[in-house]
Amino acid sequence: MGYKENYEKWLSSDVIDDATKDELRAISGDDKEIEDRFYKELEFGTAGLRGVIGAGDNRMNVYTVRKATQGLANYILKQKTEDKGVAIAFDSRHMSPEFADVAACTLAANGIKAYVFESLRPTPELSYAVRYFGCTAGINITASHNPPEYNGYKVYWADGAQITPPHDVGIMDEVKAITDYGVAKTMDIDKAKEQGLYEQIGEKVDAAYEEELLKLVINKDVIDEMGDKLNIVYTPLHGTGNKPVRHVLDRLGFKHVHVVKEQELPDGDFPTVSYPNPETEEAFELGVKLAKEVDAQLILATDPDADRLGVYVKNRQTGEFHVLTGNMSGCLIGEYIISQKKEKTGLPSDGAFIKSIVSTNLADAIAKHYNVELVEVLTGFKYIGQKMLEFDEKKNGTYLFGMEESYGCLPGTYARDKDAVAASLMLCEAAAYYMSKGKTLWDAMLDIYEKYGYYNDAVKSITLAGKEGIEKIGKIMEELRANAPKKIGSLDVCSVRDYKAGTITNSDGSTEPTGLPSANVLYYDLPDAAWVCVRPSGTEPKLKLYYGVKGESFDDAATKGAALKDALDKLIDGMM
């Protein structure tokens, strides 16, 4: 069925409400808009749903959410785990509370109890809540750091991690099998509550989650000593982090946490930023202004669902603020945790540092120095969670730290998704610790570079929106597979990792398995710890280009990084 037929089907359907039909009638005659809304169904992928809010098959709305939840319910019923219930959380985005209740009512109509947070909560607390209640699954209504017009729907399994094989495929198949929105069940929310199928949750889980965070502290005596001397600026970027981050830092004894007032309160329009992403300079403009006013040494920014943390740190020599990329902050926290655990209790013989394949090779160097295993997983924190589950099940492997370059890390095992609240806590503790040694966090970062080498890693995203964009991304990946480059710029390609084929092809023609699940990712190992990786984004219409180098100094690493970026740009531009 074509997009025009799908459009007419919505207009004539008895299932679709009048307000939605009015929205669709308003775009009558706008063929391009109709095509974009109806040329395909919003895909339920391995991360769930994510898309622009609005009417249509290719949009986030009550019907696509209800359909996804019915598919999840069908899978849970087949697993015979419906008695365990499902935890549901949501963020500050438009329609998040409504979508949460839509999902809860569909679960209830299928006889599955929903534990629904009373108000917005961070993503990591949803991961924790699944484990806290012993649920079979979790749903989080969030689009993370996407623009304001987006929302999303993430599914978690019983271990508290986002779904991975075989559950992701099983749920996707169930969702795909539903071809009629009318098949998705629902029930009145008051009736669901009366029947005990809808339970509102909140403070009890908050308290338990916070206690888990407090257990992460390694050097409380240092916080007691320095908590009144460290000036911190924090912004939740209109999202969920405001209360939990401020409360846990206050409980620990950090006396001077200055919140960016313009970005303090939840707001789905994200009025102070065009893109609520702590990876961007724009997100820190107001924070830097406040930091200069209060003479802060550290600026923290959490994204709307508080699973990603952005960081700026002050250079005491120049007074300027330096951005810490996700690779830098992750390695700074990882080095602090592992070094302090080694000093205080010693490290377990099966200790592991886990990172995604697109994260910095600096993590490898840290793991090697402390003689702990460096474990690589596919992009997506769910694969770090999957490895943690494997450690538990096999009783082999002790999780020390996990990180990914996209500003996400997890310092403990209480949850199975990245946690910006916990990362904020650990970074502030590290700042206090280094302050007690007469150093700033920037000094500590420089020490790490001097110790392991000057790693320079970056990512470039090429936005290719719409149907044509998706097709272009696919063609670029096909071209790279069919004609693997022998050199990227002046650097020889030592090996090509094709994670879709599951093979590593070395320059001498020999092959070996990647050892990881299939994924549409190409990775090029280059000399001297340099590398390049190309993959489509799993959540946005983007082609993502990752690359990294190692230098003898900042300038050397910057020069090498710029040269590799130029070479990569030329390679991709030739296919556009």
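Which residues in H6 meet which residues in H9? In this predicted model, in which residues are numbered from 1 along each chain as its sequence is written, local features need a pLDDT of at least 70, side-chain atom pairs count only at pLDDT 80 or more, and totals for chains, interfaces and linings use all residues. Side-chain values use heavy atoms, with hydrogens and water left out.

Helices (DSSP runs of H or I with at least four residues) and strands (DSSP runs of E with at least two) are numbered from the N terminus. On the side of H6, the residues are Pro124, Glu125, Tyr128, Ala129, Tyr132 and Phe133, and they meet Lys204, Val205, Asp206, Ala208, Tyr209 and Glu212 in H9, where contact means heavy atoms within 4.5 Å. By class, this contact has eight nonpolar, no polar and four charged residues; Ala, Val, Leu, Ile, Met, Phe, Trp, Tyr, Cys and Pro count as nonpolar, Asp, Glu, Lys and Arg as charged, and the others, Gly among them, as polar. The axes of H6 (residues 123–133) and H9 come within 10 Å and cross at roughly 105 degrees, the axes being lines fitted to C-alpha atoms, for helices over the stretch in contact, with angles that run from 0 to 180 degrees between N-to-C directions. H6 and H9 are therefore roughly perpendicular to each other, given that angles under 35 degrees count as roughly parallel, over 145 as roughly antiparallel, 65 to 115 as roughly perpendicular and the rest as oblique.

Helix H9 (203–214) also takes part in the lining of the second largest pocket, to which H9 and helix H11 (242–252) each supply at least two residues. In the terms used here, which rest on a 1 Å grid over the protein atoms alone, a cavity is a set of points where a 1.4 Å probe fits but cannot get out, a pocket is an open set with protein on both sides within 12 Å along at least five of seven lines, and lining residues have an atom within 4 Å of a point. The second largest pocket holds about 440 Å³ of space, a volume being the space filled by probe spheres set on the points, with grid points joined across faces, edges and corners. Its lining consists of 23 residues, of which Leu120, Arg121, Asp206, Lys243 and Pro244 lie nearest the centre. H11 gives the largest share of this lining, six residues, and by class the lining has nine nonpolar, six polar and eight charged residues.

One cavity of 30 Å³ or more is counted, and the largest cavity holds about 50 Å³ of space. Its lining is made up of Leu309, Gly326, Ser329, Gly330, Ile333, Met403, Glu404, Tyr407, Gly408, Cys409 and Ala423, with six nonpolar, four polar and one charged residue among them. Helix H13 (326–344), strand S14 (398–404) and strand S15 (408–410) each supply at least two of the lining residues, and the largest share, four residues, comes from H13.

H13 also packs against helix H17 (residues 441–452), at an angle of about 85 degrees and with the axes 10 Å apart, and the two helices are therefore roughly perpendicular to each other. In this contact, Met328, Cys331, Leu332 and Glu335 of H13 meet Leu441, Trp442, Ala444, Met445, Ile448, Tyr449, Lys451 and Tyr452 of H17, and the residues divide into ten nonpolar, no polar and two charged.

The contact involves Tyr3, Lys4, Asn6, Tyr7 and Trp10 of H1 and Asp31, Ile34, Glu35 and Phe38 of H3, with five nonpolar, one polar and three charged residues by class. Asp31 forms a salt bridge with Lys4, the closest N and O atoms being 3.8 Å apart, where a salt bridge is a side-chain nitrogen of Lys or Arg within 4 Å of a carboxyl oxygen of Asp or Glu. Asp31 lies in H3 and Lys4 in H1, so the pair ties together parts that are 27 residues apart in sequence. Over the whole structure, 41 salt bridges are found.

Two backbone features lie in loops. A cis peptide bond, with omega of about 5 degrees, joins Pro165 and Pro166, and Pro166 lies in the loop between strand S5 (150–157) and helix H7 (167–177). Asn371, in the loop between helix H14 (362–369) and strand S13 (373–377), has a phi near 55 degrees, a positive value in a residue other than glycine.
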